[in-house]
Amino acid sequence: MKRIYFDHSATTPVDNEVAALMMEYMTEKFGNPSSIHSFGREVKKSVDEARQQLASLLNANSNEIFFTSGGTEADNLALKGLAFANRKKGNHIITTCIEHHAILHTCDYLEKNGFTVTYLPVDENAMVRLEDVKKAITDKTILISVMFANNEVGTIQPIKEIGQLAREKGIYFHTDAVQAVGNYPIDVKEYNIDLLTLSAHKFHGPKGIGALYIRRGVRIDAVQHGGGQERSLRAGTENVPGIVGLGKAAEIAQQDMTKKIARISTLRDKLIKGLMEKVPDIKLNGHPTQRMPGSVNFSFLYVEGESLLLNLDLKGIAASSGSACTSGSLDPSHVLLAMGLTHEVAHGSLRLTLGRGNTEEDVEYCLTVLPEIVGRLRSMSPLSASSKMSDSNPCSICKH
Amino acid sequence: MYTEKVMDHFTNPRNVGEISDANGVGEVGNAKCGDIMRIYLKVEDDIIKDVKFKTFGCGAAIATSSMVTELVMGKTLDEALEISNQAVAEALGGLPPAKMHCSNLAADALHEAIKDYIEKKGK
């Protein structure tokens, strides 16, 4: 059966060139970069090159790049590291309701440790309003953290403007750019970014490696203590295969990025347009234009997301959903709810994220298969345009 | 995550639809939770002559709805009242633990439908 991968926001396949290079650093070039001998030195050089490759992707300097085990660790290091290093200046942090749990749960932890956190709302397109950021700033604010692009609905935030505001107010600005780096052009200088989180496996690099960009002059505390690696900000022997893989993936991502974005956006728009034409009663989630090149997210009224996913999977299409059944909790996605979607509409959400391996045929196949699935599920559903989607019978289980 | 039997009932659900002259209808769940099950019964001489369902929900919700209709077709009301959510899950070869409480409500919907029938008959 034909298999189509439309879940690039979850992860991407490792580029063959990246995988081949990594293999070399597991077998032949296995040295520890901290060693003085030739085995160590050759590897140290490669780690430095990878740092440069990644810096180049972000228009940063290589000494501003700190490798971590991935996006979650980089978010933890950015928030905790900055908060604890600046607690004498203030204890207030501003973030948004639609962040990844790596940010939200780190903020929970900081709240339990003497910090206060403001969670900014978003508009119906999942966009943060600059006015709300301005209003939230107090004389105790030390950090603003706003994600670059949302992982569920793809909305790209006004990062440059928020960065400028933070800079003017003397507040540090962090962005979780896990979805964007490698898939969308980012210039940390132009965007006034002080700290930036990224993860390799979102742009055809390996899992288990990421980085935190820390602008020169920004002081943060280490979270993980041990040896002096990563200039004592992240102790532990370097994941060398991961680092060289990340460097190579960054280099490849940079090549023809504009062309790749144009191609993937065209596929995305074809999918969006096709679904809107073929399926009644659907709602596009996320900003209509300010969205990631590969990001498609719809709510299909009167059907539930997991049923959609299972049916798509049976047809060979891999996707994801923000329904409660797939989030592992009783509530649907916090992002969709923050955008003002009702629970019932959020339960019917489907995320299709396209990547560089996808083709026009993939989109056409999806446009054939998905309307059929929605039609079949709707024919089984007690809900319809004429039925009231309401909470007439409170649920005995979850008390909704 | 789902057994073969669950997937069978999910992909080929039995007895989907409505009964226009149903004499018992039951509904449980709500859209906010992501599950609504509605069961239609046609009862004659205390025997379930026909049963159909309509469900909004996940794979488990659809499969349990389908299974419960299969289990009660042709049964007496007393026999049908003895069918529990647990029994439906067992008939499907089990459900993932997370699904046991939220999407395993088909027997409740059936019991609501029987209650509706008895109430209507009493009038």
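Let's start inside the structure, with the lining of the largest pocket. By class, that lining has four nonpolar, 17 polar and five charged residues. Before I go on: this is a predicted model. Every value you hear today is computed from it.

So, the pocket. Its volume is about 560 Å³. The lining of this largest pocket takes in 26 residues. Which of them come closest to the centre? They are His100(A), His101(A), Asn151(A), Glu152(A) and Arg351(A). Keep those five in view on your screen.

Now the helices around the largest pocket. Three helices of chain A each supply at least two lining residues: α3, at 71–85; α4, at 101–111; and α10, at 324–327. Which helix gives the most? That is α3(A), with three residues.

Next, the layout of chain A. Chain A is divided into domain 1, residues 16–254, and domain 2, residues 257–384. Where does the largest pocket sit relative to these two? Both domains give residues to its lining, so the pocket lies between them.

Let's look at how the two domains of chain A meet. Their centres, taken over C-alpha atoms, are separated by 29 Å. Domain 1 puts 30 residues into the contact, and domain 2 puts in 21. Between them the two domains bury about 2100 Å². Carbon and sulfur atoms carry 59% of that area. How many salt bridges are counted between domain 1 and domain 2 of chain A? The count is zero.

A search of the whole structure finds two cavities of 30 Å³ or more. Take the largest cavity. Its volume is about 350 Å³. There are 28 residues lining it. Nearest its centre lie Asn183(A), Lys202(A), Ile264(A), Leu354(A) and Gly355(A). By class, the lining of the largest cavity divides into 10 nonpolar, 14 polar and four charged residues.

Which helices take part in that lining? In chain A, α7, at 240–254, and α8, at 257–278, each supply at least two residues. The largest share comes from α8(A), with four residues. Why do we place the largest cavity between the domains? Domain 1 and domain 2 of chain A both give residues to its lining, so it lies between them.

The second largest cavity holds about 30 Å³ of space. Its lining draws on chain A and chain B. From chain A we have Tyr302(A), Val303(A), Glu304(A), Ser307(A), Leu377(A) and Ser381(A). From chain B come Thr55(B), Phe56(B), Gly57(B) and Ile62(B). Five of these lining residues are nonpolar, four are polar and one is charged.

That brings us to the interface of chain B and chain A. Here 29 residues of chain B are in contact with 28 residues of chain A. The area buried between the chains is about 2400 Å². Of that area, carbon and sulfur atoms give 66%. Which residues of chain B lose the most area to chain A? Lys32(B), Cys33(B) and Phe56(B) do, and together they make up 28% of what that side buries.

Lys99(B) pairs with Glu306(A) in a salt bridge. Their closest N and O atoms are 2.6 Å apart.

Last, salt bridges over the whole model. Over all chains, the count comes to 28. Here is one from chain A. Glu49(A) forms a salt bridge with Lys45(A), with the closest N and O atoms 3.6 Å apart. How do these two sit in the chain? They are four residues apart in helix α2, residues 38–58 of chain A, which means about one helical turn separates them.

To recap. The largest pocket lies between domain 1 and domain 2 of chain A, because both give residues to its lining. The largest cavity lies between them too, because its lining also draws on both. Thanks, everyone.

Definitions and conventions. Residues are numbered from 1 along each chain as its sequence is written. Chains are lettered from A and ligands numbered from 1 in the order in which they are written. This is a predicted model: local features need pLDDT of at least 70, side-chain atom pairs count only at pLDDT 80 or more; totals for chains, interfaces and linings use all residues. Side-chain values use heavy atoms; hydrogens and water are left out. On a 1 Å grid over the protein atoms alone, a cavity is a set of points where a 1.4 Å probe fits but cannot get out, and a pocket is an open set with protein on both sides within 12 Å along at least five of seven lines; lining residues have an atom within 4 Å of a point. Grid points are joined across faces, edges and corners, and a volume is the space filled by probe spheres set on the points. Ala, Val, Leu, Ile, Met, Phe, Trp, Tyr, Cys and Pro count as nonpolar, Asp, Glu, Lys and Arg as charged, and the others, Gly among them, as polar. Domain bounds come from an automatic or database domain assignment. Contact means heavy atoms within 4.5 Å. Buried area is the accessible area (1.4 Å probe) that two parts lose on being put together, summed over both. A salt bridge is a side-chain nitrogen of Lys or Arg within 4 Å of a carboxyl oxygen of Asp or Glu.
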